[in-house]
Amino acid sequence: MGKEEYLSAMQRSVVKDLEIKALLKDALTDRIDDRTLFIRGIDVSYYYEGYSEFKTEEL
């Protein structure tokens, strides 16, 4: 899923949430104890919000 696709689905979710639910369902994982996956998720979240200068791996 690309950034633009995700952001567009978020904007439309106020009116109709089926698209964002489908996107999020495809992104779910059962690897809840995987620290690396968790940290990468934070990095992607920052990227989607426009914070591209910070990466958790640089800590």
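These legends go with several close-up views of one predicted protein model.

The model is predicted, with local features needing pLDDT of at least 70 and side-chain atom pairs counting only at pLDDT 80 or more, while totals for chains, interfaces and linings use all residues. Residues are numbered from 1 along each chain as its sequence is written, and side-chain values use heavy atoms, with hydrogens and water left out.

View 1. Starting at the N terminus, the elements run α-α-α. Here helices (H or I, at least four residues) and strands (E, at least two) are DSSP runs, numbered from the N terminus. Of the 59 residues, 14% count as buried; buried means under 20% relative accessible area, exposed over 50%, and partly exposed in between (1.4 Å probe, protein chains only). The accessible surface comes to about 5400 Å², and 54% of this surface belongs to carbon and sulfur atoms. Such areas come from the Shrake-Rupley method with a 1.4 Å probe, and for residues only the protein chains shown count as cover.

**View 2. Welcome to the largest pocket, with about 540 Å³ of space.** A pocket is an open set of points on a 1 Å grid over the protein atoms alone, where a 1.4 Å probe fits, with protein on both sides within 12 Å along at least five of seven lines; lining residues have an atom within 4 Å of a point. Grid points are joined across faces, edges and corners, and the volume is the space filled by probe spheres set on the points. Look for A27, L37, G41, I42 and V44, which lie nearest the centre among the 18 lining residues. Both α2 (18-27) and α3 (35-48) supply at least two lining residues, and α3 gives the most, with eight. By class, the lining has 11 nonpolar, three polar and four charged residues. Ala, Val, Leu, Ile, Met, Phe, Trp, Tyr, Cys and Pro count as nonpolar, Asp, Glu, Lys and Arg as charged, and the others, Gly among them, as polar.

**View 3. R12 and E19 form a salt bridge.** A salt bridge is a side-chain nitrogen of Lys or Arg within 4 Å of a carboxyl oxygen of Asp or Glu, and the structure holds three. In this pair the closest N and O atoms are 2.7 Å apart. R12 is partly exposed at 41% relative accessibility, and E19 is partly exposed at 32%.

**View 4. K21 meets D17 in a salt bridge.** The N to O distance is 3.3 Å. D17 is partly exposed, at 33% relative accessibility.

**View 5. R31 and D34 form a salt bridge.** Their closest N and O atoms are 2.5 Å apart. D34 counts as partly exposed at 23%, and R31 does so at 47%.
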